Amino acid sequence: MSKIYKKTKDKRTLSYERKKSLYGYGFIFPWIIGFILFFLRPLISIVSFSVSKINYLDIGYDLEYIGIAQYLRAFLEDPDTLRMMTQSFSDMIIDTPVIIIVSLCVAVILNKKFIGRTVARTIFFVPVIVASGIVISILKGDIMSSTMLAGQKSSVLLQVSGLRGIMMEMGLPDQVIKIITDTSNGIFDLLWKSGIQILLFLAALQTISPSLYEASAIEGATEWDNFWKIMIPMVSPMILIALVYSIVDSFTDYNNLFMRKITGLTTNLSIEYSSALSLIYFVFVMIFVIVVYKIVSRFVFYSVD
Amino acid sequence: MILENNVKHLSKKIYKVTFSISRAIIIIGLCFILVYPLLYMISMAFRPESQILDPSVIWIPRSLTFDNLINVVSLMEYGKNLKNTALISVFSSVLLVLSCSVVGYGFARFKFKGRDILFGLVLFTIIVPPQTTIIPLFLGFRSFDFAFLGKIPVLFGKEPVMTNLLNTLWTMYLPAIFASGIRSGLCIYIFRQFYKGLPKELEDASAVDGCGPVKTFLRVMVPLSSSAFITVFLFSFVWYWNDYYYSGMFFINGNTVSLALSSLQSKLLAVNEGSYDPYRYIVSMQAGSLLVVGPPLIVYIVFQRYFTQSIEKVGIVG
C-alpha cells in the first residue's frame, strides 16, 4: 500500500518538475534556434573555411581540404600576426585597469547626493549613446588623419596643446611634459570608453542596502573605511563583469589593429586566411579572458541572499 | 568648552565645503570633456567655413549658416536613409527586446538540465567578435534556408529552394526575432539579472491564483519590468542605429545614416572632383556627424528620466 502511495507521489512531483523544466526550454527556445542558425553554423563554417581552399562556383562555393597551411602561414610567414597580437595585448593591459578604476571612482561620486546630480548622470551616459558608432572615430580623427593635411586634423580637438605650451614656458623637463600630456590626452579616450562600466558600477552601488552604512556609522567608520569595507566587496561581482567586458571590448574594437587586419583581408576576399586569423585571435582572447576570470573570481565576494 | 565645540563645528563645516567644491570641480571638468565634442560638432556644423580659423570665434560663430547641413543632407540622401535607419533600428530593437526578455526570463526562473551550460554559451557569444562570423552569415543570408525546409525538394530529385535575403530588412529582423541580434548576449544577461532579482513570492502567488508560467510572465513579470525593458531598448536602439558593420555587409546600397556618413568623405571628394578644401571638409563632416547622432540623442533625452530612474530604483544590471 505504502509502496503504491510513494510511487504516485514520486510521479506527481516528477511531472510537476518536468513540466516546469519543459517550460524553461520553451522560454529559451527562440534563442536556441537563433544560436544554431546565426552563431553555431557560421562558427563551424569558419573552422571549415580555415582548413580548406574555397573554389568559387557560379552558384555558391566548393571547399577543398588543404590542412593547416593557413595556420602555419599565420605563425611562420606573416610577421604581422605576433606583432599585432602583442600590440593589442599591451594596449589592453594598460587600458583596462585604468578604465576600471576611473569608472569606479566616477560611479562612487555620482552615487552621492549633490545638486545637479540628474544632469551629471545624464551627461555621463552620453558616451553610451554616441561612442559605439562611426561618429566617435570621426571625432577622434581616425578617418580624417588618414586624408587630412598635417596640422589640420580635427583630433587637435582632443589634445591639450595649451597645457603643453604652458609647461614648456615653465621649463619643465621634456620627459615630464610628455607623461603629463599623454595622460591628459588619454583622459578623453578613457572617459569615453568607460560609459558602460560607469553604468554597471552605479547600478551595483545602488543595490547596497542602506542598513550597512547605518551600521558602519554607528561603529564610527569614515567614508574611507566605507569605501574599502563596504563598497568594494559589495561591488566586486560587478568589477569582475566590467573587467571581462572591458577586456573583450578592447580586443574586439573595430579600431583594434588585428581586427582591422581581419576586416581588410575579408574585404580582399582572402577568406581562408582571415578565418584562420580570426580563429587564432579569438582563441587567444578566450584563453586570456578565462584566465583573468579564474584569478579575479577568487577575490569576488558574494553576499548570501 | 563652548569655544572648543564651535571650533570643531567650524572645521567640520570647512571640510564639508571644501569637499563639495572639489567634487563639483571634478564633476564639472569631466562633464565638460564629455559634452565638448557635441558642442564642437554643433558649433562647427552651423558656422560658415571661412570662420574655422577665425581667432575671434571660439564657440559661437559670428553668423549662423544652414548651408553645411543642407549640403550634407542632400549628399547623404538623409531623408531616405533616416527613414530606413529608423525602420531598422526601431523594429529590430523592439523584436530583440521582446525575444531577449523571454529568453532572459527562461534562464532566470526555471531549472532545467543544461541551463548553466546554455547560459555559458550565451556569454560565449558576447566574447566572439562579429568579424569572425560575418562571412558565413553573409553566405548564409545569400542562400537562406530556414530550418532546412528548402531541402525538401531535394528528396524528390529537384533543386533546393533558397531565398536570397541580402538587401532585405530580414537580415536584421530574423536574428533579432531569435534573440541573436547585435550584442544580444548582453541584453539576455541584463534581463536574466533583472528577473533573478524579483522576489520569488510573486511567482508562487500567481501560481496559487492559477496562472501558468506563460500567463505569470505576461501578467505579472512584464508589467513589473518596464525599467529593464526601457534600458535594454535604449541600448539596442543605439547599437542598431550606430551599426555600420553588419549593415555595410548585408545592404549593398548602404541605406543607413551611419553608412552614409562613412561614405560621406569619398562623396565630398567626388563633388569637388578630387581636390578638396579642408575647411569645407571639416564643417561637412561635423554637420554629418550631428545629423547621425541627433536622433538617438533626442530619444535618449526623452527616455533618460526612466533610464536613470531604472538604475536608481532597482539596479537593473546588479
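In this predicted model, chain B contains 15 helices and zero strands. Of the 318 residues in chain B, 51% are buried. Where contacts in chain B link residues at least 6 apart in sequence, 73% of them join residues at least 24 apart.

**Nonpolar cores**

The largest nonpolar core has 163 residues, and the members that touch the most others are W31(A), F201(A), V235(A), F107(B), I188(B) and Y195(B). Helix 12 (residues 223–252) of chain A supplies the largest share of this core, 13 residues. A second, separate core has five residues, among them M44(B), I52(B), I282(B) and V283(B).

V235(A) is one of the residues with the most contacts to other members of the largest core. When neighbours within four places in sequence are set aside, V235(A) is in contact with L104(A), F201(A), A204(A), L205(A) and I208(A).

**Packing of helices 13 and 14 of chain A**

Helix 13 (residues 257–267) of chain A packs against helix 14 (residues 271–296) of chain A at an angle of about 160°, and their axes lie 9 Å apart. Because angles over 145 degrees count as roughly antiparallel, helix 13 of chain A is roughly antiparallel to helix 14 of chain A. The crossing of helix 13 of chain A with helix 14 of chain A is left-handed.

| Helix | Residues in the contact |
|---|---|
| Helix 13 of chain A | F258(A), M259(A), K261(A), I262(A), L265(A), T266(A) |
| Helix 14 of chain A | Y273(A), S274(A), L277(A), S278(A), Y281(A) |

By class, the contact between helix 13 of chain A and helix 14 of chain A comprises seven nonpolar, three polar and one charged residues.

Terms used
Residues are numbered from 1 along each chain as its sequence is written. Chains are lettered from A and ligands numbered from 1 in the order in which they are written. This is a predicted model: local features need pLDDT of at least 70, side-chain atom pairs count only at pLDDT 80 or more; totals for chains, interfaces and linings use all residues. Side-chain values use heavy atoms; hydrogens and water are left out. Axes are lines fitted to C-alpha atoms, for helices over the stretch in contact, and angles run from 0 to 180 degrees between N-to-C directions. Helices (H or I, at least four residues) and strands (E, at least two) are DSSP runs, numbered from the N terminus. Angles under 35 degrees count as roughly parallel, over 145 as roughly antiparallel, 65 to 115 as roughly perpendicular and the rest as oblique. A crossing is left-handed if the near helix is turned anticlockwise from the far one by less than a right angle, and right-handed if clockwise. Contact means heavy atoms within 4.5 Å. Ala, Val, Leu, Ile, Met, Phe, Trp, Tyr, Cys and Pro count as nonpolar, Asp, Glu, Lys and Arg as charged, and the others, Gly among them, as polar. A nonpolar core is a set of buried Ala, Val, Leu, Ile, Met, Phe, Trp, Tyr and Cys residues joined through side-chain atoms within 4.5 Å. Buried means under 20% relative accessible area, exposed over 50%, partly exposed in between (1.4 Å probe, protein chains only).
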